[in-house]
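Me: Could you walk me through reading some helix features in a model like this one? I would like the general idea and then the case at hand.

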Amino acid sequence: MNATRAHRLMIVDDSNVMRRKIERSQDIPNVEIVGTAGNGHEALALHAEARPTLVTMDLTMPEMDGIECVEQLVGRDPDIRILVISALADKATAIEALEKGASGFLCKPFTERQLNDALVKLIES
Amino acid sequence: MSLQREIGTFVSAVLNYFDTAVQQAAVVGTPYLALGKPPDIFDYTGMIRISGKKKGVVYFTAPKGMLSVMLMRMQETDMSDANLRDLVGEVANTLSGNARKDFGRNFIISTPSVVTGTSTTIGHSPDTRPIVVPIDWRTYHANLVVCLN
């Protein structure tokens, strides 16, 4: 593994616009984007191949939603760190995501700085 | 909750989207009741349906040009139909998120859906009167429509 690319990031969101925004916005030097997925099923398949250490996870998605996907990813890899990025900004949703194993929560919409700050916190958590 | 506060929840969601994601503020016009004829529908419309304590539909409808420039502001180079749908869906997503946060569990809010075309008919319940909130941004005009009983 390249020492300068210590963290492997997978982006999960059903919106192509959001996936690309996250790809463009993240500028943390030691983070490598290893893939993107449009729903929970795709994320689980990609996880098996790409072995991400960090994940950004949307919640409202077709096929398999983000909460279920968080639970399954944490079941596979308890050390994985997941940042939920969702417009569902109510406390109950955030608590549910954290209870299932997410490490952080960022509300949509977000700025580049907010995303990078949240990712740094995720890495340091 | 008063109607004014309910509308404020949705207006805040749209303004916050422009402020945060697009990084350029939009301006809210004077809201009006759409009496006699349905509200103007533009090229792309993102909507949520609400049931439970209140029933109805809330949607953000915008022309293609406006959404394309919003994408540009977000550094997106692909102005495809899919991305324009995604964008208006994301705005609807924030309507849903704000509603969940402010209204709590008494309101059941659908996942956002997107329709395209200016000839689209959005079904309004006969016991509701759509309130149109004009949203102006740069030279473009969109509508936020709140239609709750």
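Reply: We start with contact: two residues are in contact if their C-beta atoms, placed from the backbone, lie within 7 Å. Helices (H or I, at least four residues) and strands (E, at least two) are DSSP runs, numbered from the N terminus. This is a predicted model, where local features need pLDDT of at least 70, side-chain atom pairs count only at pLDDT 80 or more, and totals for chains, interfaces and linings use all residues. Residues are numbered from 1 along each chain as its sequence is written, while chains are lettered from A and ligands numbered from 1 in the order in which they are written.

Me: What covers the buried residues of helix 2 of chain A?

Reply: The cover includes strand 1 (7-12), strand 2 (31-37) and helix 3 (66-76) of chain A.

Me: Which residues of helix 2 of chain A are buried, and which are exposed?

Reply: An α-helix has 3.6 residues a turn, so residues three or four places apart point the same way. A residue is buried if 20 or more other C-beta atoms lie within 10 Å of its own, exposed if 12 or fewer, and partly exposed in between. In helix 2 (residues 40-50) of chain A, the buried ones are Gly40(A), Ala43(A) and His47(A). Down the helix axis they fall within an arc of 50°, so they line one face of helix 2 of chain A; the arc is that of the directions from the axis to the C-beta atoms. Ala45(A), Ala48(A) and Glu49(A), on the other side, are exposed.

Me: How do I read a pair of packed helices?

Reply: Two packed helices are described by the angle between their axes and the distance between the axes. Axes are lines fitted to C-alpha atoms, for helices over the stretch in contact, and angles run from 0 to 180 degrees between N-to-C directions. In chain A, the axes of helix 3 and helix 4 (residues 91-100) come within 8 Å and cross at roughly 20°. Helix 3 and helix 4 of chain A are therefore roughly parallel (under 35 degrees; over 145 is roughly antiparallel, 65 to 115 roughly perpendicular, the rest oblique).

Me: Which residues make that contact?

Reply: Helix 3 of chain A brings Ile67(A), Val70(A), Glu71(A) and Val74(A), and helix 4 of chain A brings Glu96(A), Ala97(A) and Lys100(A).

Me: At what angle do helix 1 and helix 3 of chain B pack?

Reply: Helix 1 (residues 3-22) and helix 3 (residues 81-103) of chain B pack at about 135°, with their axes 9 Å apart. That makes helix 1 of chain B oblique to helix 3 of chain B.
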